[in-house]
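Below is what I looked up, in the order I got to it.

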Amino acid sequence: MKITAIETVPYAIPYTKPLRFASGAVHTAEHVLVRVHTDEGLTGVADAPPRPFTYGETQASVIGVIEKVFGPQLVGLDVLARERVHGLLHRTVGNPAAKSAIDMALWDVVGQALGQPASRLLGGYTDRMRVSHMLGFDSPPRMADEAERMRDTYGITVFKIKVGRHPVRDDLDVCRAVREALGDAAELYVDGNRGWTPSEAAAALRELDALGITLAEELCPADDVLGRRRLVRDCPVPFVADESATTPAEVTRSLLDGAATAISIKTARTGFTQSQRVLFQCEGMGAEVVMGNQIDGQLGTVCTLAFGAAHAASSRRAGELSNYLDMSDDLLTAPLRISGGTLAVPGLPGLGVAVDEDKLGRYRQDQ
Ligand code: MUC
Ligand code: MG
């Protein structure tokens, strides 16, 4: 089966509650729907969420690189020639969301062709994941209220709290408020998106440790090389690299340099194929992983879920799978449903989801 065309559809769906964090804020999901068409009539789909504040991509750059570079290179290739596809994608630096959407749309096609869920083809370890919810910047009572609402409505008991603000005390007050609201049963961890200096982070970690956090992510920039190394060495919990380790080589450097002891895997930036490389590399090096969230809608979340549930190591910790709940609408015909704090992998072939064409018509920006 051969690739005949790669279609890109820009769309915009507003958030009811914008996500704010140390390196930026997202008010509207301005993403690109990517569809890979084939000569046997099957079409694979995936989402590309541009994140200019982290990777420099925009909606226009995703569309441009697919239309001008990747599309012409890949049309005519067999959908199973993954190594050849990646060899061609690799010739162009950067553009992680564009490359990843193509990769995952191809896995969707292959799953449909074989009549098997992509998650089973990737590893088939389990059929659901525990959900972790990200709490963006707000006041201590509002963030604690949101956590309680997520627990009471969806059974979620794992929360990633965004930190990295100044004064540092504001974030520590939030963490304390969330812990007091949820009690010891909840799992809490923090993500600084590089907002603090190493010494601010080291001081904060002493208080955060007393609150029983389980992970610390990107509390300071990895480019603060020696400070970061000292922080990671003294960190009482696994220190997660997210935006500083987005390729297999960066992951190796990060772990060997002592810039992190755990890795966030985001299918939005490493697709399924590269995410597997990162996952297996982490297993080989003895580093834990967490399935991260690129502020995904439901289509992106399904991809994170499919990959996370496919392997023992990626499903061990709760995956960040719930922030689509803050969007005002979405594109799937059958919405995802979190219950009992878990999300089930759709059991249908490929990604197991379909795009609602009426909704796409409403939100697309190219017509
Ligand atoms: C995260 O883990 O950092 C915020 C920015 C981004 O690129 O992803 C989110 C979540
Ligand atoms: Mg992060």
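Predicted model: local features only at pLDDT ≥ 70, side-chain atom pairs only at ≥ 80, totals over all residues.

Burial came first: 58% of the 367 residues of the protein count as buried.

**Overall build**

Along the principal axes, the C-alpha trace spans about 60 × 40 × 35 Å.

I also checked how far contacts reach along the chain. Taking contacts between residues at least 6 apart in sequence, 73% join residues at least 24 apart. For the surface, I have an accessible area of about 14,000 Å², and carbon and sulfur atoms own 50% of that.

**Metal site**

Which residues coordinate the magnesium ion (ligand 2)? I found Asp 191 (OD), Glu 217 (OE) and Asp 242 (OD), at 2.0 to 2.2 Å. Along the chain these donors follow the spacing D-x25-E-x24-D. Asp 191 sits in strand 6 (residues 187-191) and Glu 217 in strand 7 (residues 216-217), so this pair ties together parts that are 26 residues apart in sequence. I looked up burial for the two as well: Asp 191 is buried, and Glu 217 is buried too.

**Aromatic pairs**

My ring search returned 3 aromatic pairs.

Trp 107 belongs to helix 4 (residues 96-114), while Phe 272 is in the loop between helix 11 (267-270) and helix 12 (273-285), which puts the partners 165 residues apart. Both Trp 107 and Phe 272 are buried.

For Phe 272 and Phe 307, the centres are 6.3 Å apart and the planes at 20°, so I file the pair as stacked. Phe 307 is in helix 13 (residues 298-310), 35 residues from Phe 272. Phe 307 is buried, as is Phe 272. Put together, ring pairs link Trp 107, Phe 272 and Phe 307 into a cluster.

Arg 165 lies over the face of Phe 137, at 4.3 Å from the ring centre.

**Two single residues**

I find Gln 276 in helix 12. Is Gln 276 buried or exposed? Its relative accessibility is 15%, and the cut-off for buried is under 20%, so Gln 276 counts as buried. Leaving out residues up to four places away in sequence, Gln 276 touches Leu 122, Phe 307 and His 311. Phe 307 is the link back to the ring cluster.

Last, Ala 222. I place it in the loop between strand 7 and helix 9 (225-234). Ala 222 has a relative accessible area of 23%, so I log it as partly exposed. With residues up to four places away left out, Ala 222 touches Arg 228 and Ser 244. I also took a C-alpha distance: Ala 222 and Leu 205 are 17 residues apart along the chain and separated by 17 Å.

Notes. Residues numbered from 1 in each chain as written. Chains lettered and ligands numbered in written order. Heavy atoms only, no water. Donors = N, O, S within 2.8 Å, 3.2 Å for Na, K, Ca; no water. Helix = DSSP H or I, 4+ residues; strand = E, 2+ residues; numbered from the N terminus. Buried < 20%, exposed > 50% of the residue type's maximum accessible area, 1.4 Å probe, protein only. Phe/Tyr/Trp six-rings, centres within 6.5 Å; stacked < 30°, edge-to-face > 60°. Lys NZ or Arg CZ within 6 Å of the ring centre and 35° of its normal. Contact = heavy atoms within 4.5 Å. Areas by Shrake-Rupley, 256 points an atom, 1.4 Å probe, with all protein chains shown as cover.
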